[in-house]
Protein chains: 4
Amino acid sequence: MVDVAVIGARGYLGRELLRWLLLHPKVEAIAPITSGETGKPYGDSVPAFRHRSDLVMAGPQAARDADVVFLATDGEEARKHAAGLPDAPLIVDLSRAHRHLGLDHQEGWTYGLSEFLPVPKGSRRIANPGCYPTATLIAAGPALKAGLATVGPLISDGKSGISGAGATPRGDLHYPEAHDAVRAYKVLGHDHLAEIRGAAARIEGKAATAPSARPVRFTPHLVPMNRGLLATVYLPVAADADAETVKAAYRQHYAGSPFVRNVPEPDTSHVRGSNYADVAVDVDSASGLLVARCAIDNLVKGGSGAAIQNMNLALGLAPTLGLDRVAGGP
Amino acid sequence: MVDVAVIGARGYLGRELLRWLLLHPKVEAIAPITSGETGKPYGDSVPAFRHRSDLVMAGPQAARDADVVFLATDGEEARKHAAGLPDAPLIVDLSRAHRHLGLDHQEGWTYGLSEFLPVPKGSRRIANPGCYPTATLIAAGPALKAGLATVGPLISDGKSGISGAGATPRGDLHYPEAHDAVRAYKVLGHDHLAEIRGAAARIEGKAATAPSARPVRFTPHLVPMNRGLLATVYLPVAADADAETVKAAYRQHYAGSPFVRNVPEPDTSHVRGSNYADVAVDVDSASGLLVARCAIDNLVKGGSGAAIQNMNLALGLAPTLGLDRVAGGP
Amino acid sequence: MVDVAVIGARGYLGRELLRWLLLHPKVEAIAPITSGETGKPYGDSVPAFRHRSDLVMAGPQAARDADVVFLATDGEEARKHAAGLPDAPLIVDLSRAHRHLGLDHQEGWTYGLSEFLPVPKGSRRIANPGCYPTATLIAAGPALKAGLATVGPLISDGKSGISGAGATPRGDLHYPEAHDAVRAYKVLGHDHLAEIRGAAARIEGKAATAPSARPVRFTPHLVPMNRGLLATVYLPVAADADAETVKAAYRQHYAGSPFVRNVPEPDTSHVRGSNYADVAVDVDSASGLLVARCAIDNLVKGGSGAAIQNMNLALGLAPTLGLDRVAGGP
Amino acid sequence: MVDVAVIGARGYLGRELLRWLLLHPKVEAIAPITSGETGKPYGDSVPAFRHRSDLVMAGPQAARDADVVFLATDGEEARKHAAGLPDAPLIVDLSRAHRHLGLDHQEGWTYGLSEFLPVPKGSRRIANPGCYPTATLIAAGPALKAGLATVGPLISDGKSGISGAGATPRGDLHYPEAHDAVRAYKVLGHDHLAEIRGAAARIEGKAATAPSARPVRFTPHLVPMNRGLLATVYLPVAADADAETVKAAYRQHYAGSPFVRNVPEPDTSHVRGSNYADVAVDVDSASGLLVARCAIDNLVKGGSGAAIQNMNLALGLAPTLGLDRVAGGP
C-alpha cells in the first residue's frame with residue numbers, strides 16, 4: 001500500500017487524479033495539496049467531492065512524507081516542487097517541466113509513454129506526456145516504429161475539449177465565447193511540438209534531439225466540449241506499404257497494450273472518462289499519406305490516467321490496476 | 001456473490017447499469033440481453049465497452065437463471081418480461097410498468113425510493129422510481145414528511161438532460177434541433193405526475209391513491225446537455241415555518257441518507273456520473289412558498305444507481321456498495 | 001433619419017444593438033461608445049464586426065449630439081450617463097437603473113413593455129424591461145389583465161442562456177464549469193423580482209408599488225446555451241376559467257402584438273436571433289393553476305430588440321421597423 | 001425584381017436560403033417547394049417562420065415560372081429537377097450534382113466560387129460549391145494561384161458543425177451521441193475530395209481533371225456545434241516563400257473579395273450567421289509547410305449565402321446585395 005500526495009489538487013488534472021486514486025486498490029492515504037489552503041476540506045473547493053470528508057488539504061510536509069507525489073501544477077511550479085522534494089518519493093510530473101529531460105534520460109528523469117517508451121520498474125522521476133503528444137504518438141507510433149513512414153513531416157492536427165486549457169477563467173474561454181466555436185491556437189510555437197518531435201524520434205530509434213529527427217507540424221484546436229481529444233495524423237507512407245500491411249502493424253503493436261483499442265472510427269465520446277485510446281489507421285494512396293486517428297480523454301489517458309499507469313509500472317504493479325473502467329457516455 | 005441479467009441492455013439506462021455492475025464487488029456474472037442479438041459481443045453495439053470481451057449478449061434463459069434481473073426496457077416490455085420470469089430472481093424494474101402497483105404494495109411489488117420508502121431486505125419485486133419523481137421527492141420529501149407544507153399544490157419544474165429521452169433517434173432530438181434549445185414538453189399528462197402524487201402522498205402518511213392526496217403540478221423541460229436533472233419545487237409553507245426550521249428538517253432527515261448532500265447551490269455538474277443527489281431548500285416568505293432544488297444524474301440516481309441501491313437493500317448489503325464514486329466533472 | 005449612440009457598446013447587449021441598428025432604415029449614423037477606447041475601430045474589439053470600417057469608438061460628445069442614446073451598461077453607469085446627458089436626446093436605458101422610476105412614471109421615465117405598457121409617442125426617457133420580466137409578463141400578462149388569475153402568488157421559473165450573465169469572465173461561467181450544467185442562482189433576492197411584481201401590478205390595474213400587489217416567486221436558472229430564455233409561469237386560475245376561455249384571452253390580447261406568436265410548444269431555438277416571443281398557455285385543473293410559457297431571445301426581445309421597438313414607438317415609427325427578421329436556427 | 005423558387009425548402013440550406021431571400025432587396029416573390037406539401041403554410045413545417053403567412057409551399061409549376069430556382073435537395077433530386085426545368089430560369093444548384101460538369105464547363109454548367117472562379121454575368125446554370133471545398137479553397141487559393149506551393153499534396157483537415165449533415169435524424173446524430181463528441185468520418189472517399197482537387201487544379205491554371213492535378217488529402221470531422229466550419233490546410237511551400245511573401249499574397253488576392261477578411265485567428269463564432277470567410281496563413285519553415293485556416297458558416301458562405309452571391313453575379317447585381325450582415329454571436 002502507498003501513500004500519495006497530489007500537488008496542484010484543485011486544477012482539472014488534480015481533481016481527476018483524486019477521482020482515480022480514491023478507487024485504486026493499492027492507494028491508502030491521499031493528501032491533496034494546494035498552496036494556501038492547508039486544513040480546508042477538499043470538497044469545499046471542488047463540490048463534486050463534498051461527501052469525502054476524509055479529503056482535507058494538506059501542507060507541504062505531506063508531500064515529503066508520501067510514497068508517491070503527483071505534480072499537477074504548471075511547469076514552473078513543478079520544477080520548484082521537484083527540486084525541493086527528498087529523494088525518497090516517486091515523483092510523477094504531469095507538467096511540461098521535465099519532459100525534455102525525460103526524453104534524454106537526464107538528471108534521473110524518464111519520459112513515460114507506456115505504449116512505446118514504458119518506464120522501467122523502480123523509476124523514481126517520471127515525466128508524464130502531454131495530452132496532444134499522447135494522442136499523436138499513439139496514432140503515429142506503430143508506423144514510425146515499423147519504418148513504414150518515408151521522408152517528410154509528421155503532421156498532427158489536434159482537436160481538444162476545453163478542459164485541456166485549465167481551470168483558470170479566461171476571456172476566450174468565457175462560456176459564450178467558447179460555445180459553438182472552433183478555432184486553432186498557437187499555430188506556431190506550442191510547447192507540445194518539441195515533445196512530439198523528440199518522442200517520435202525516439203520511437204524511430206533516434207536520440208530525442210537528433211538533427212535528423214523528423215520535422216513535426218502541430219496545429220492544436222479547441223472544440224466546444226469539456227473532455228476529449230482527437231489527433232488526426234498525416235505521415236508520408238512508403239509506396240509498398242498498403243493498407244493491410246499498415247493495419248497489421250497497428251494490430252500487432254497494440255496487441256500488448258491494454259488501453260489501446262483498434263477501432264474503425266475513433267470518437268472521443270467512446271473513451272470519455274476512461275483511460276482508453278481508440279486508434280484507426282488508413283492509407284490514402286492518392287496522396288501517399290497514412291492517415292491515423294487517435295481519440296482519448298485528455299484528462300485521463302492524456303494526463304491523470306497515464307500518470308497512474310506510470311506509477312503502476314514504476315511500482316511493479318499491473319499497468320491496469322485501478323484504471324480498468326468503462327467510458328462514461330452518453 | 002450474485003449473477004445478474006440486464007434486459008434492455010442497449011438503452012442508456014441499460015448501458016449505465018452495466019458500467020456500475022462491472023465495478024460492484026458482489027456481482028459475479030453479468031448477462032446483457034437485447035432481443036435478437038444473442039451471441040453478439042456487447043462492445044459491438046456499445047463502443048465504449050469494446051474491450052470487455054467477457055460481455056456477450058445473452059438469450060432469455062440467462063434472465064431465468066440469474067439471481068437478479070434488471071428490466072431497463074419500456075413499460076410494456078417490462079410487464080411482459082416480469083410476467084414471464086420465475087419466482088426466484090429478484091426483479092428491479094426501471095420502467096414505469098409496476099410503479100403504481102409498488103406504491104400500493106400490490107401483487108408483490110414494492111416502490112423503492114431509498115430516502116423515504118426504502119425497500120425491505122428480502123424484497124423480490126422492486127419498482128424503481130422515475131428520474132423526475134426522484135429529484136422532486138428528494139427536494140420536497142423532508143418538508144412533506146415533517147408536516148411543514150400547508151394546503152396547496154406541489155409544483156415541480158423539472159429540467160432534464162437529453163439522455164432522459166432515451167437512445168432512439170427522434171426528429172426533435174436530432175442534434176441541430178436540440179442543441180441551443182430549451183423547451184417544456186408534455187405539460188399536461190406526463191406519466192411521472194401520478195407517480196409523484198402517489199409517492200408524495202405516502203411520504204405525507206396517506207395512501208398513494210388517497211382522494212386527499214396533495215395535487216401536483218409537474219412541468220418537464222429538456223435542456224441541451226446529456227446528463228443531469230434539476231427539479232425546482234415549490235410548496236406552500238406553514239406561516240410559522242421559518243428558514244431555519246425548514247433547513248434543520250432537511251439536515252435531520254438526510255443525516256442518514258448516504259447519497260444526499262445538503263448544499264448551498266445544487267448544480268447538475270456536481271453530481272454527473274455519480275449516485276449523489278444535491279439538495280437545497282429556501283423559504284420565500286413574501287410568497288409563502290418553500291423553494292427546494294435537487295440535482296441528480298438522471299441516469300444514475302435517477303435510474304441505474306438507484307436500482308443498484310435497491311438491489312443492495314433487498315439483498316441485505318450496505319446501500320452504498322459499489323456506488324460510492326465521485327462525480328465526473330468537468 | 002436619426003443619429004444614435006450606444007454607450008456600453010462592447011457588452012453583449014451593446015453588440016446586439018449595433019447588429020440591429022446597422023439594418024434599421026431610419027438610422028443614419030451610429031456611434032459606439034466604450035470608456036477609454038475612443039478612436040479604436042469597433043471591429044478590433046468585437047471581431048464579428050471587422051469589416052465595418054465605418055464603426056469607430058466615439059467619445060462622450062457623440063452621445064450628447066445624438067438623437068437617440070442607448071444605455072447598455074450596468075445600472076450604476078447608466079444612472080451616471082443619464083444624469084449627464086442634455087435634455088434633447090431620446091434615452092433608452094437597457095439597465096435596471098430606471099425601471100422602478102419608469103413603473104411609477106417618476107422623473108420623466110416610462111417603463112416600456114410594448115405588449116402591455118407601450119411607451120407613448122414622444123417619450124424621451126424610456127426604461128427597457130429586463131429579460132426575465134419580459135418573458136414572465138408576456139407569459140402571464142393576458143391572464144392578469146383579463147382578471148383570470150385568483151388570489152395567490154405568480155411563480156416564474158426562468159431558464160436563461162449564459163449570454164444573459166454578461167461578457168465579463170467569471171469562475172462559474174468558465175466554459176468547463178458552465179457546460180453540461182444546470183443550476184438556479186439568486187433564489188432569494190434577484191433584482192428582477194421587484195420589477196416583475198411592479199409591472200404585473202400595473203397590468204392588473206394597480207399602482208406598481210401597491211401593497212395589494214400580487215406576490216411574486218421568481219427563480220432564475222442558467223442553462224448551457226448562449227441565447228434564449230424560457231419562462232415557465234404558474235398562476236392560480238379562477239375555477240370557472242377553462243382552457244378555452246384562457247387560450248382565447250391570449251389569442252385576443254396578442255392579436256395586435258406584431259412580435260408575439262401563440263404557438264403550441266414555445267422553444268427558444270424558434271426565436272433565436274429574432275425579436276419574436278412565442279407563448280403558450282394551459283390550464284391544469286387538478287392543481288388549479290394556469291401554466292404559461294414564453295420563449296424569447298434574451299438579447300433581442302429580452303433587450304436590444306425591445307429597446308429598438310421602444311425607440312420606434314417613441315419616434316412615431318412602425319413598431320416593427322428594422323426588426324422583422326426570421327429567427328436564425330439551426 | 002426577380003421571383004425565386006427554392007426546391008428542397010425544408011432542409012437546412014433551404015431554410016437558410018429563405019431567411020436571406022426575405023431580406024434581399026431585388027427579390028419580389030418567394031416560392032418554397034417541398035414535394036407533397038403544396039398549399040401548406042411554410043411556418044407549419046419550420047416554426048421559426050410562423051409569422052410569415054405569406055410563405056406557402058408551392059407546387060412544381062412555381063419553379064417553372066420563376067426567374068431564379070435554387071436547388072437545395074440532394075444530388076439525385078437536383079439532377080432530376082434541373083433536367084425537368086425549362087431553359088428560362090437561372091438555376092443555382094447547391095447540391096453536388098453538377099459540380100463536376102461546372103468545373104469542366106460542360107452542358108452549360110458553371111462552377112461558381114466567387115473568390116477564384118466567379119460566374120460570369122448572364123450565367124444560367126450555376127453549380128454552387130460544397131461547404132468544405134469553399135473553406136479549403138479560400139484557405140489555399142492565394143498560395144495555389146500565386147505559385148507559392150511546391151510539389152506535394154494539399155491536405156485539408158475540416159471541422160464542421162452538425163447542421164452540415166442535414167436535417168434528417170440519424171443514429172449517430174441523435175443529440176446524446178453527437179454532443180461532447182469529436183470524430184472524423186468518410187476518411188476515404190468523401191465526395192468533396194474530387195471537387196477540391198478539380199477546383200484547386202483550375203486555380204493553379206490546369207484543367208479540373210488534369211492528370212497533373214495536385215493530389216488532395218481531405219479529412220472531414222464533425223464537432224459538437226450547429227453552425228460553422230473551420231478548414232485547416234497544409235501545403236508544401238516553396239523554400240524562398242517566407243511568411244511575409246505569403247501573407248502579402250493573401251492580402252493582395254483578397255483585397256477585392258468583399259466577403260473575405262484577413263484575420264489573425266479565424267474562429268467560427270466570428271462568422272456565424274454571416275457570409276464572411278475569415279482566413280489566416282502562416283509559414284512553418286521547420287516542416288516546409290504553409291498552414292492556412294479558413295472559418296465560415298457552413299450554411300451561409302458554405303451554401304446559401306454563396307448561392308445568393310452567385311445569383312447576384314449572374315444577374316449583374318452587386319455581389320454583396322442582400323448579404324451584408326454582421327455575424328450573429330454570441
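The model is a predicted one. Chain A holds ten helices and 13 strands. Its radius of gyration is 19 Å, close to the 20 Å that the globule rule gives for 330 residues, so chain A is as compact as a globular protein of that length.

**Chain A as a whole**

- Taken along the principal axes, the box filled by the C-alpha atoms of chain A is roughly 60 × 45 × 35 Å.
- Buried residues make up 64% of the 330 residues of chain A.
- Among contacts in chain A with a separation of 6 or more, 69% join residues 24 or more positions apart.

**Chains D and A**

- The contact involves 41 residues of chain D and 41 residues of chain A.
- On the side of chain D that touches chain A, at least two residues each come from strands E7 (154-160), E8 (183-184), E9 (216-222), E10 (229-236), E12 (277-284) and E13 (289-296), and from helix H7 (175-178).
- E9(D) gives the most to this side, with four residues.
- By residue type, the side of chain D that touches chain A has 20 nonpolar, nine polar and twelve charged residues.
- Chains D and A meet through the same surface, because 100% of the interface residues of chain D are also interface residues in chain A.

**Chains A and C**

- Chain A can be laid on chain C by a turn of 180° and a shift of 0.0 Å along the axis, again with an RMSD of 0.0 Å.
- In chain A, the C-alpha nearest this axis belongs to A:Tyr175, at 2.1 Å from the axis.
- Here too the same surface serves both copies, as 100% of the contact residues of chain A recur in chain C.
- Chain A puts 13 residues into this contact, and chain C puts in 13 residues.
- The side of chain A that touches chain C divides into six nonpolar, five polar and two charged residues.

**Helix H10 of chain B**

- Helix H10 of chain B runs over residues 300-314 and has 15 residues.
- The end C-alpha atoms of H10(B) are only 18 Å apart, whereas a straight helix would reach 21 Å at 1.5 Å a residue.
- H10(B) bends by about 45° at B:Ala306.
- H10(B) is mostly covered, with 15 of its 15 residues buried.

**C:Tyr254**

- C:Tyr254 lies in helix H9 of chain C, which spans residues 243-254.
- Is C:Tyr254 buried or partly exposed? C:Tyr254 has 19 C-beta neighbours inside 10 Å, and a residue needs 20 or more to be buried, so C:Tyr254 counts as partly exposed.
- Leaving aside residues up to four places away in sequence, C:Tyr254 touches C:Val260 and C:Asn262.
- C:Arg217 is 37 residues from C:Tyr254 along the chain, and the C-alpha atoms of the two are separated by 25 Å.

Conventions. Residues are numbered from 1 along each chain as its sequence is written. Chains are lettered from A and ligands numbered from 1 in the order in which they are written. This is a predicted model: local features need pLDDT of at least 70, side-chain atom pairs count only at pLDDT 80 or more; totals for chains, interfaces and linings use all residues. Two residues are in contact if their C-beta atoms, placed from the backbone, lie within 7 Å. The expected span of a helix is 1.5 Å times one less than its number of residues. The bend at a residue is the angle between axes fitted to the seven residues ending there and the seven starting there. A residue is buried if 20 or more other C-beta atoms lie within 10 Å of its own, exposed if 12 or fewer, and partly exposed in between; C-beta atoms are placed from the backbone. Ala, Val, Leu, Ile, Met, Phe, Trp, Tyr, Cys and Pro count as nonpolar, Asp, Glu, Lys and Arg as charged, and the others, Gly among them, as polar. Copies are superposed by least squares on the C-alpha atoms of residues with pLDDT of at least 70 in both. The radius of gyration is taken over C-alpha atoms; the globule rule is 2.2 Å times the number of residues to the power 0.38.
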